[in-house]
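Please read them with the sequence and the coordinates open beside you.

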Amino acid sequence: MTSLSEPDAVVDICTTADIVVARRLTRQLAACLDFGSADQTRLATAVSELTRNVIEYAGRGTCHISDASDAGFNSIMVVVEDHGPGIANVAQAMQDGYSTSGSLGAGLPGTRRLVDSFMIESRPGLTRVTISMSMRKDRP
């Protein structure tokens, strides 16, 4: 088990190329932990959305990708954070169709539906989204 305080990978998110790196590393870790291809794609899509938000709204940030497995579950935890202006109204941002950029407004609520766990905190100077996905090790 990897300590949650020591991520397996940290990607500085500064350009769209960094989004691809974060997506690839997440998918690789998911494959190493025997997640199926559908779950790998769900995780990679979630990471793409969150890191794209970093570029769009804060300009730069980081993506921490960790093996959070324990004796009973294979788990991946991803923390994406930035030091931008923050989200003025998180509850509103989590509603389908809400957008401040003219997009479809499906990013954050869609990301929440893709993963097992989703937590967001935001204030001026810090937005942090923590997602995770787990699966039992003894599944058939």
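Is glutamate 121 buried, partly exposed or exposed? With a relative accessible area of 32%, glutamate 121 is partly exposed, where buried means under 20% relative accessible area, exposed means over 50%, and partly exposed lies in between (1.4 Å probe, protein chains only).

1. Basis of the values. This is a predicted model, in which local features need pLDDT of at least 70 and side-chain atom pairs count only at pLDDT 80 or more, while totals for chains, interfaces and linings use all residues. Residues are numbered from 1 along each chain as its sequence is written, and side-chain values use heavy atoms, with hydrogens and water left out.

2. The salt bridges around arginine 128. Five salt bridges are found in a search of the whole structure, a salt bridge being a side-chain nitrogen of Lys or Arg within 4 Å of a carboxyl oxygen of Asp or Glu. Arginine 128 meets glutamate 121 in one of them, at 3.0 Å from N to O, and meets glutamate 81 in another, at 2.7 Å from N to O. Because glutamate 81 lies in strand S3 and arginine 128 in strand S5 (residues 126-136), this second pair ties together parts that are 47 residues apart in sequence. Here helices (H or I, at least four residues) and strands (E, at least two) are DSSP runs, numbered from the N terminus. Glutamate 81 counts as buried at 16% relative accessibility, whereas arginine 128 is partly exposed at 26%. Glu81, Glu121, Arg123 and Arg128 are linked in a network of salt bridges.

3. Arginine 42 is partly exposed, its relative accessible area being 29%.

4. Helix H2 and its surroundings. H2 has 22 residues and reaches 31 Å from its first C-alpha to its last, which is close to the 32 Å expected at 1.5 Å a residue; the expected span is 1.5 Å times one less than the number of residues. Just after H2, glycine 59 takes a positive phi of about 90 degrees.

5. The largest nonpolar core. A nonpolar core is a set of buried Ala, Val, Leu, Ile, Met, Phe, Trp, Tyr and Cys residues joined through side-chain atoms within 4.5 Å. Of the 27 residues in the largest one, Phe35, Cys63, Ile65, Ile76, Val78, Phe118 and Ile131 touch the most other members. Two or more residues each come from strand S1 (9-13), helix H1 (16-32), H2, S2, S3 and S5, and H2 gives the most, with five residues. Leaving aside residues up to four places away in sequence, isoleucine 76 touches residues including Leu29, Phe35, Leu43, Ile131 and Met133, where contact means heavy atoms within 4.5 Å.

6. Valine 80. This residue is found in strand S3 (residues 73-82) and counts as buried at 4% relative accessibility. Among the residues valine 80 touches, again leaving aside those up to four places away in sequence, are Leu50, Val54, Cys63, Arg128 and Val129.

7. Serine 69. Lying in the loop between strand S2 (61-67) and S3, serine 69 counts as buried at 6% relative accessibility. A polar contact of 2.6 Å joins its side chain to that of aspartate 67, and a polar atom of the serine 69 side chain lies 3.1 Å from the backbone nitrogen of serine 75. A polar contact is a pair of N or O atoms within 3.5 Å; within protein, one must be able to donate a hydrogen and the other to accept it, and residues adjacent in sequence count only if both atoms are side-chain atoms.

8. Cysteines. The count of disulfides comes to zero, taking a disulfide as a pair of cysteine sulfur atoms within 2.5 Å. Cysteine 63 is buried at 0% relative accessibility, whereas cysteine 14 is partly exposed at 31%.
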